[in-house]
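Here is a short briefing on one protein chain. Look over the sequence and the model, then read the points by topic.

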Amino acid sequence: MDVDAAREAIRLQEKLARQRLVPVLRKVAAEGDAHADALIPWLGRAWKRNSGTWGDSDPLGRLKNGAESAFIAAKNWAEGSTLKTSWEEVGKAVRDLQYYPPSLRQVENSHHGDSPYEGVGKPPPFTRRRHTETAVQTLHDHIRELAELLRKPPDGLLVIPRQAHAPRHGNLEEGRLGRLVNEDLAATVNTGSDLSERLAQGNADWSEAHTWIKEAGNLLRVSLGSVAVGLHRMDAAVAACRSPLVADSRLLARAYTVIALSYLNEVQTRMPDYIEASSQQPDPHVSMTFSGGTFIGGQFAARINNVHSAITGMHQEGRIDVAEALRALQQAVMADSMEDERRSDLLDNVEYLAQAAATPPEERNKGISRAALAALTAAAAGGSALSSALDSWGSVLHKLFS
């Protein structure tokens, strides 16, 4: 699954959630209509004067008995303060979504906060006729309007993240060492990649994605400050998987995980710039593979950076499978035990494949690309990290260069 596929998966879950929520909202709307209907017989004649006020030109009075019970029931329903109504079902359904159903307050705000029914029917219940009749009529009209809003198709149930890119400029937070932040990022990305696969296989639950994304956001926040904006509120978005409206919580969780991974990959690639902007210098004898957490000789640094630049470009284009295949090969070459000269030769092949993958198809030299891939395959001993990487990702690269 790449970023585009992840966003499409979220849209599909949004559509299914909407289909599940519509009948619940319509059920609430029907309750509203019933309360509005109960007020109709009292429109314009809900008020009665108090005894002993027949000589007053503008006497105090109160709601008639039947009008009072209908009015109070309708008002309590509209405010959502009555138990055992469909509002309770709506609340349970949308509790974990970034969605707020239509409400009486929303209707009031559209009428500049007009709510003349406040206080009517409460002790002391005495009001003048004009005020009482206006209150009953307005409550009736607002409930009708609320019912119409509830019948409209809901939208915005799930967060569909916009394509976020790691900022070009950033700084390490005070007291944070770039080398250690890189190491933490590498571990986080590896955990997220494994989690994505386990979610796809049905071997992980959405709650694991929620925890991982929250921890990833915290890592960026405490280490890189504003760079964490790319994961802002992502943990709250994943919490929607808990909603009974979500048809496939694992698929939705994986989609958010893939999007978060794409952003973290870009952050890893930007780390040398963030370190430099923070006036920290890496050890001249050490360079890090950002995905594997492995330290390797400085003579490999330029090639690793080239591979990661190509990987970042492919992530931005949504070519996640190819990017992850190249990342796995580079990690494997760095992880296996071998002489530096042999490692250098294999890394040359990975670098060439990365550059070829980033080149338009019509401009690729497929013959040299296949030769580079064959060299890596020949070097992969049974049980090695490189052998495992090719078993998992070889088909992606063979298809690319066939």
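Two strands pair if DSSP finds at least two bridges between them. Helices (H or I, at least four residues) and strands (E, at least two) are DSSP runs, numbered from the N terminus. This is a predicted model: local features need pLDDT of at least 70, side-chain atom pairs need 80 or more, and totals for chains, interfaces and linings use all residues. Residues are numbered from 1 along each chain as its sequence is written, and side-chain values use heavy atoms, without hydrogens and water.

**Whole chain**
- The protein chain holds 14 helices and five strands.
- Of its 402 residues, 47% are buried, meaning under 20% relative accessible area with a 1.4 Å probe, protein chains only.

**The sheet**
- Three strands form an open sheet in the order β1-β2-β3, with antiparallel pairing.
- β1 (47-49) and β3 (127-128) are the edge strands; each has a single partner strand, so one side of each lacks a neighbour in the sheet.
- β2 (residues 60-63) pairs with β3 over two bridges, in the antiparallel sense.
- G61 sits opposite T127 in β3.

**Around S223**
- S223 belongs to helix α7 (residues 206-224).
- S223 counts as buried because its relative accessibility is 1%.
- Its side chain reaches the backbone oxygen of L219 at 2.9 Å.
- Leaving aside residues up to four places away in sequence, S223 touches N171, L172, E173, R176 and V181; contact here means heavy atoms within 4.5 Å.

Methods: Buried < 20%, exposed > 50% of the residue type's maximum accessible area, 1.4 Å probe, protein only. Polar contact = N/O pair within 3.5 Å; in protein donor to acceptor, adjacent residues only side chain to side chain.
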